[in-house]
Amino acid sequence: MIDVDSISKNYGKVSALCDLSFKVRKGELFGVIGPDGAGKSTLFRIILSLLLPDSGKVSVKGLDPVQDYKSLRKIVGYMPGRFSLYEDLSVEENLNFFASVFGTTVEENYHLIKGIYQQIEPFRKRPAGKLSGGMKQKLALSCALIHQPELLVLDEPTTGVDAVSRSEFWSMLHQLKEFGITIIVSTPYMDEASLCDRVALMQQGRILEVASPQDVVDNFRGALFGVSGGNMYRLILDCRDFDMVETVFPFGEELHLSFKDGGDHRTDLHEFLKRRGSDEVSIRTIQPGIEDRFMALMATS
Amino acid sequence: MRILFALLQKEFIQIKRNKTILRLIIVLPVVQLLILVNAATLEMNNLQIAVYDNDDSALSSRLVSELDASPFFRMSASPPNVESGISQIEEGTVDFLLVITDGFEKDALAGNTSRVQLLANAINSQQAQLGFAYLQQVAHRSMKNFAVEMQGIVPESKISTTSAFWYNPELNYKFFMVPGILVVLVSVVGMFLTSMNLVREKEMGTIEQMNVTPVRKSTFIVAKLLPFLIIGLFELGLGLIIGKLIYDVPIEGSLWLIFGIGTLYLIGLLGLGLLLSTFSSSQQQVTFVSYFFLLVFILMSGIFTSVDNMPEWGQKVNLINPFFYFIDVMRSILLKGAGLADLWRQVGGILFLAVTLVTLAVFNYRKAS
């Protein structure tokens, strides 16, 4: 569906995207995971024909966003990270407006948005600007879907949204997949990666890895340990001083730690920390998650 | 076509929802025409004048009483000496001080030149000049009458001047102001509202959503500008009605011509609004920039002061001032009944500006987005 072939984009001297390549299959729910400033929005804007890449090629369903942008825009639905509907128009007016602009009607494609729109329909006379965050999001999704796009591009749809609305939103995306719509979604939250079919891990304009969430986790080589107890900050500094330690970073109430050879040197570390004066340290083996893989990739790149 | 209709419908709903703008569209012309036309008068009356009469003769008291009778001047109490008269000017209690020296009447009777001295507070130079001219007139008349009475003969006068004020026989200042204020009004709608409306799409981020729709840029622009063209013409009509009803401003020429040239003028200003909006990313910025242009255009346009008095470079600048052309057009059509043939220069100027501004704006808009 989407074929990104070694694209680069610079803003002046700052390199926003650097030689990026990946493919998105038809009907896939594809996640682009990365921290703020990784280049996710820039990437999306290039795919959407809103921005020209400095080099490289993109094709969406065989269409070139630079040359065929007119045909492309008919088959793509876009939900920007920031709420971008007309706040002074009502829910209903926004939906009708975007339907007309795409040369269709709400009735024609109502089946697509029914599940989502029904939840905000009681407020259809309310100005869009007066909706709550979760409702705004549902309206934006409805408007992006109203012309029955083949590709849905969602730029950080869950940023700044509460936990309940977030999980609701993801289940809506899974419903949409059943209509055969390809979805590409960006998020800074690692825990949302596991909800995608495949993910691309992005950092500073580069793609670190493209794989299914399970493969991302499986690609984590070696054993991972959770270290806890005592003063966390001191514990990090002490662990870093230990020769065998490869990576160590805080993760919730624990430190996630791996050793250079991927082996298990728990007893040695325990001894080392005891000598440094940390007595009540507990170290346990844990299952690596996507974030662990992300951190490991970041450390090596 | 359906897309254009949907866009227009959206624009009108938004304008209708924006109660502040809606009220301004109605109230602005009424208030501006009611207040500004009456207040912004350049007519001179009630200038404070003090007379120090050292001659105290029949001729000098005649001059003083004629000045007193004139509507332009209002007499203050005579100062005891010249110095205190001057200090009155310095304090600002009088605008003019007339000093009539001893021997004023004697000189006149002897056939010599009689002299008076006029001291004026020239902080407002226009007022000082006009006051001086008025006083000269009054003085000449007094002298003439005096001569007639004394010698019983009509002094032979080589040139007799009679004046007639064409197109505005009563020198009604309001007839001069109404067309000017009207132009300002129409322009504010054309420039401010348009540019702010366009920048608003950027500011709110809605342009991002519009840009991924199949809507053509040209369609989008037309849908943005058309409502303000309509509102601008509505303001023009409303202003003319107010001018006619309240000030009885004559409408000598063709209304069709006014609205025809008005449409062309508005297209140019809408282009300017669009151009300004491409340079700005917030409503605050665009307001500030529009304000700058508005102020320069208004003050250069000849709405208050005659353009002929401006230095040559100033008159050159007016060649690219749309206000200048349209104010001229409005005054000529309303007061003189000018037709298209008389106005080819102004219409040419407006046409040139409209084409240039719209081209620049569209070109820049494409580039910017």
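**Cores, sheet and domains of the predicted model**

The largest nonpolar core comprises 127 residues, and those with the most contacts inside it are A:Leu141, A:Leu152, A:Leu154, A:Leu176, B:Ile261 and B:Met330. Helix H7 of chain B (residues 173–204) gives the most to this core, contributing 17 residues. Another core, of 31 residues, lies apart from it and includes A:Ile2, A:Leu17, A:Phe22 and A:Tyr78. In soluble globular proteins, nonpolar side chains tend to be buried together. These features belong to a predicted model. Within the largest core, B:Ile261 can be considered in more detail. When neighbours within four places in sequence are left aside, B:Ile261 is in contact with B:Phe326, B:Val329, B:Ile333, B:Leu343, B:Val347 and B:Ile350.

In chain A, 4 strands form an open sheet with the order S11-S12-S10-S13, and the pairing is antiparallel. Strand S11 (245–251) and strand S13 (282–286) of chain A are the edge strands, each pairing on one side only. On average, neighbouring strands of this sheet are turned by 30° against each other, direction ignored. Strands of a sheet pair through backbone hydrogen bonds, either parallel or antiparallel. Between S11(A) and strand S12 of chain A (residues 254–259), which run antiparallel, there are 6 bridges. Along this pair of strands, A:Pro250 stands opposite A:Leu255 in S12(A).

Two helices of chain A accompany the sheet. Helix H10 (residues 290–300) of chain A packs on the sheet and touches S10, S11 and S12 of chain A, its direction making about 130° with that of S11(A). Helix H9 (residues 266–275) of chain A lies across strand S10 (224–228), S12 and S13 of chain A, and runs at about 155° to S13(A).

Elsewhere in chain A, 6 of the 8 residues of helix H1 (residues 40–47) are buried, so this helix is largely enclosed by the rest of the structure. The buried residues of H1(A) are A:Lys40, A:Thr42, A:Leu43, A:Phe44, A:Ile46 and A:Ile47. H1(A) is followed by A:Ser49, which has a positive phi, near 75°.

Chain B is divided into domain 1 (2–40 + 169–368) and domain 2 (47–151). The centres of domain 1 and domain 2 of chain B, taken over C-alpha atoms, are separated by 48 Å. The average pLDDT of chain B is 85, and 92% of the residues score at least 70. Confidence in chain B is highest in helix H10 (residues 255–279) of chain B, at a mean of 93, and lowest in helix H6 (residues 125–151) of chain B, at 77.

Definitions and conventions. Residues numbered from 1 in each chain as written. Chains lettered and ligands numbered in written order. Predicted model: local features only at pLDDT ≥ 70, side-chain atom pairs only at ≥ 80, totals over all residues. Heavy atoms only, no water. Pairing = 2+ DSSP bridges. Axes fitted to C-alpha atoms, helices over the stretch in contact; angles between N-to-C directions. Contact = heavy atoms within 4.5 Å. pLDDT = per-residue confidence, 0-100. Domains from an automatic or database assignment. Core = buried A, V, L, I, M, F, W, Y, C linked by side-chain atoms within 4.5 Å. Buried < 20%, exposed > 50% of the residue type's maximum accessible area, 1.4 Å probe, protein only.
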